[in-house]
Amino acid sequence: PAMDDDDDDVVEAWTVDVAVRDKVIKVSCGDATQRIKWLGHVGIARYDEANFEGWKDLGVPTRISRADGTPLDFGSVIREVLRNGETVFVKHSLDPESADPVG
C-alpha cells in the first residue's frame, strides 16, 4: 500500500527552540530531517536578528545539548533524537566579549 502518499497531506511542521547565549530562537524545521549541526548553525546565524550573520561574532557551533546537558551528536537527524518543541542549547567557538562592541 502507498502509505507515503496519504501522509503528504499532513506534514507535521516541527519547531525547535535553539538557545544561544541569552536568546532563544524558535527554528522551524519542517519535517525535521535536518541534522543537529544545522540547528546550531541556524541558531547562531539568527542570533544576529538584523542581518542573520551571527557567526561573525559567535563562530561555529561546538556543542549542542539538551536542556539536561546531554550532548547531541552533530550528525543525528533532528526528528530521531528530539521531540517537536524541544529546546537545545548551543555552545560556539568565538567569545563575543572579545568581538568589537556594536552600538
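Leaving aside its neighbours within four places in sequence, which residues is L39 in contact with? In this predicted model, where local features need pLDDT of at least 70, side-chain atom pairs count only at pLDDT 80 or more, and totals for chains, interfaces and linings use all residues. Residues are numbered from 1 along each chain as its sequence is written, and side-chain values use heavy atoms, with hydrogens and water left out.

With contact meaning heavy atoms within 4.5 Å, L39 is in contact with V16, V18, V27, C29, I78, L82 and V88, once its neighbours within four places in sequence are set aside.

**The chain as a whole**

The chain holds 4 helices and 4 strands, which are DSSP runs numbered from the N terminus (helices: H or I, at least four residues; strands: E, at least two). Along the sequence they follow the pattern α-β-β-α-α-β-α-β. Of the 103 residues of the chain, 34% count as buried, where buried means under 20% relative accessible area, exposed over 50%, and partly exposed in between (1.4 Å probe, protein chains only). Among the contacts in the chain with a separation of 6 or more, 57% come from residues 24 or more positions apart.

**The core and helix α2**

A nonpolar core is a set of buried Ala, Val, Leu, Ile, Met, Phe, Trp, Tyr and Cys residues joined through side-chain atoms within 4.5 Å. The largest one here has 20 residues, and L39 and I78 have the most contacts inside it. The elements that give two or more residues to this core are β1 (14-20), β2 (23-30), α2 (36-47) and β4 (87-92), and α2 gives the most, with 5 residues. The buried residues of α2 are I36, L39, G40, V42, G43, I44, A45 and Y47, and what covers them includes β1, β2, α3 (55-58), β3, α4 (78-81) and β4.

S65 has its place in strand β3 (residues 61-66), whereas P71 is found in the loop between β3 and α4.

The C-alpha atoms of P71 and V90, which lie 19 residues apart along the chain, are separated by 9.8 Å.
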